[in-house]
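Morning, everyone. I have one structure to walk through today. Please have a look at it first.

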Amino acid sequence: MSTAQSSTTIDFGHSFRDAVVAGVLTMLVFSPITNFMLKQYTFELDWFRSPFFLNGLAIGLLVAFVRFFVSVGAQTATGQNFIQNFIKTEHGVEVEDEYADGGKRLMRVLLWGGGLMAVFLVLGLTGVIYRGAGIALVLVVLFVMVAMGVRIPKRRGKKHPWKGALPVLFLVGLILPLLFFYFGWFGKSWMNNLTLAMVYVLLGLGLNIVVGLAGLLDLGFVAFYAVGAYFLALGAEYLGIGFWTALILAPLLAAMCGGLLGFPVLKMHGDYLAIVTLGFGEIIRLVLVNWISFTGGPNGASVPAPTLFNLEFIRRARGDAVPFHEFFGLPYSSDYRYLFVYLLLFVISMIALRFFTQLRVMPIGRSWEALREDEIACRSLGINHVTVKLSAFMLGALMGGLAGVFFATAQGFISPQSFNFFESVLILSIVVLGGMGSSIGVIIAAFTLTLLPEFLREFAGYRVLLFGLLMILMMIWRPNGLLRPKRSVFRKSEVA
């Protein structure tokens, strides 16, 4: 009897009208994007443009179909219960004890990670997917596994199972790319892709300090990225600065720029802070574009190749330097340079992640989180908000400058077009998508947003569309990001 009564309460007419409206609106939005093609000075309409599943008509029909069944299901008792559970989204951070059940967690990570690596390796070697793509996925999974161990903070008097497994995984992360390169499975193309992905990992970790921990909305973070890259390029041209010198000095210069940006915005919040930081990023970009005599303007600037103990990664070294391949008795290959940058960036990324993890559990990290939650309450507790804000801007900028040096080294050439507003949006999307304050979430999001376009090259014209759909779905189903931020538990006995 109750089932019959519940079924009579469903208004199918309302669901049908709702589906029709949703489908028509979707077609009106997506059809101009997908069905109109520009030919010289006219537009040509193609209703059946392929691929059809990305056609505006197909998307509209799919939305109408799904909307009808969702509307019908929402009127049932089961649907009402689901909606009530869905809207009870928990916000904020989750408290966890990384040392509880450490052995079980480690075994789960090793089993799942090892299984995924084996699957991707088999798919790549058997030709189901491109071999380079399979090898890249193996190395991405390995990177995330190492990062999961690195992100566990050190606690006095506590031993964790990761302490023995982490050095082994770290060595595997260095040796496995060398083996893949030796067998010819890991080429220049995917080395560059993974290097760029790890550059965005550094950028995401840096902006995560500013936005995720301190709660300061920064839309001009790409400016510090540009400072690091141009310091290497222009320093090499005018001052003879090499890669290793820039690796130390460029982050410091970027941190100083972060401090200069932080002073004028100490009393700004929310939208006003975002506008000021956006303006700062545009100022840096316009200076790079218009100061042609110094920066090269739109023509860009070349970047020298890195060296390793005065060994150059070129066929014939200049002056007293010795080529890398001659010193080790290897046949010449231009890929040695990219492999070196990849391995060094892997090490630097893990050091940066460890640095980020330890900062979060230190008083300065707690001050950032207090500032993010409520600045008035933070100041009432005696926390100097000036120091806290400036430290967040400067440390975030330091990470940005470090990433800029690696980007310039990997590309060999830079131009102002590489540091536009879209880059700031992409970095911010990495932080939001991964989960503000979650280091592992930021790492996964960085690999996803940078490598996914490489796997979708067949749909190059729809990359931005797919990116927008992905962000919409994530904000609906995972409003806190891929992984919710987790706060380490503290016990009174350990504090004492």
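Let me start with a term. A salt bridge here is a side-chain nitrogen of Lys or Arg within 4 Å of a carboxyl oxygen of Asp or Glu. Keep that cut-off in mind for the next pair. Glu-369 and Arg-366 form a salt bridge, with their closest N and O atoms 3.6 Å apart. That value lies within the 4 Å limit, so the pair counts. One caution before I go on: this is a predicted model.

Stay with that pair. Both residues lie in helix α15, which covers residues 363–373. They are 3 residues apart, about one turn of the helix. Glu-369 counts as buried, because its relative accessibility is 3% and the limit for buried is under 20%. Arg-366 is partly exposed, at 26%. Arg-360 joins Arg-366 and Glu-369 in a network of salt bridges.

How many salt bridges does a search of the whole structure find? The number is 6. Here is another: Asp-18 with Arg-67, at 3.0 Å from N to O. This one links distant parts of the chain. Asp-18 sits in helix α2 and Arg-67 in helix α3, 49 residues apart. Arg-67 is partly exposed, with 39% relative accessible area.

A further one joins Arg-285 and Glu-282, again with closest N and O atoms 3.0 Å apart. These two are 3 residues apart in helix α11, residues 270–290, so about one helical turn separates them. Buried or partly exposed? Arg-285 counts as partly exposed, at 24% relative accessibility. Glu-282 also counts as partly exposed, at 25%.

Now the overall picture. The protein has 21 helices and 9 strands. Of its 496 residues, 46% count as buried. The accessible surface comes to about 25700 Å². Carbon and sulfur atoms own 68% of that surface. Next, contacts with a separation of 6 or more. Of these, 75% are between residues 24 or more positions apart.

Helix α3 runs over residues 56–74, 19 residues in total. At 1.5 Å a residue it should span 27 Å, and its end C-alpha atoms are 26 Å apart, which agrees. Its buried residues are Gly-56, Leu-57, Ala-58, Ile-59, Gly-60, Ala-64, Ser-71 and Val-72. What do they pack against? The answer is α2.

Helix α2 itself covers residues 12–34, and Val-24 is in it. Val-24 is partly exposed, at 41% relative accessible area. Val-24 also belongs to a nonpolar patch on the surface.

Three buried positions next. First, Gly-113 in helix α5, residues 102–125. Gly-113 is buried, at 6% relative accessible area. Leaving aside neighbours within four places in sequence, its contacts are Val-141 and Met-145. Gly-113 and Val-141 are 28 residues apart along the chain, yet their C-alpha atoms are separated by 6.3 Å.

Then Asn-193, in helix α8, residues 188–213. Asn-193 counts as buried, at 14% relative accessibility. Beyond its neighbours within four places, Asn-193 is in contact with Leu-451 and Glu-454.

And Thr-409, in helix α17, residues 385–411. Thr-409 is buried, at 1%. Not counting residues up to four places away, Thr-409 touches Leu-232, Phe-243, Val-303, Pro-306, Arg-337 and Val-341.

Last, some strands. An open sheet of 3 strands runs in the order β5-β6-β7, with mixed pairing. Strands β5 (307–308) and β7 (322–323) stand at the edges with a single partner each, so one side of each has no neighbour in the sheet. Strand β5 pairs with β6, residues 311–312, in the antiparallel sense over 2 bridges. Within that pairing, Thr-307 stands opposite Glu-312.

That's my tour. Over to you.

How values were computed
Residues are numbered from 1 along each chain as its sequence is written. This is a predicted model: local features need pLDDT of at least 70, side-chain atom pairs count only at pLDDT 80 or more; totals for chains, interfaces and linings use all residues. Side-chain values use heavy atoms; hydrogens and water are left out. Two strands pair if DSSP finds at least two bridges between them. Helices (H or I, at least four residues) and strands (E, at least two) are DSSP runs, numbered from the N terminus. Patches are made of residues with over 30% relative accessible area and no salt bridge: like charges are joined within 9 Å, nonpolar side chains (Val, Leu, Ile, Met, Phe, Trp, Tyr) within 5 Å. Accessible areas come from the Shrake-Rupley method with a 1.4 Å probe; for residues, only the protein chains shown count as cover. Buried means under 20% relative accessible area, exposed over 50%, partly exposed in between (1.4 Å probe, protein chains only). The expected span of a helix is 1.5 Å times one less than its number of residues. Contact means heavy atoms within 4.5 Å.
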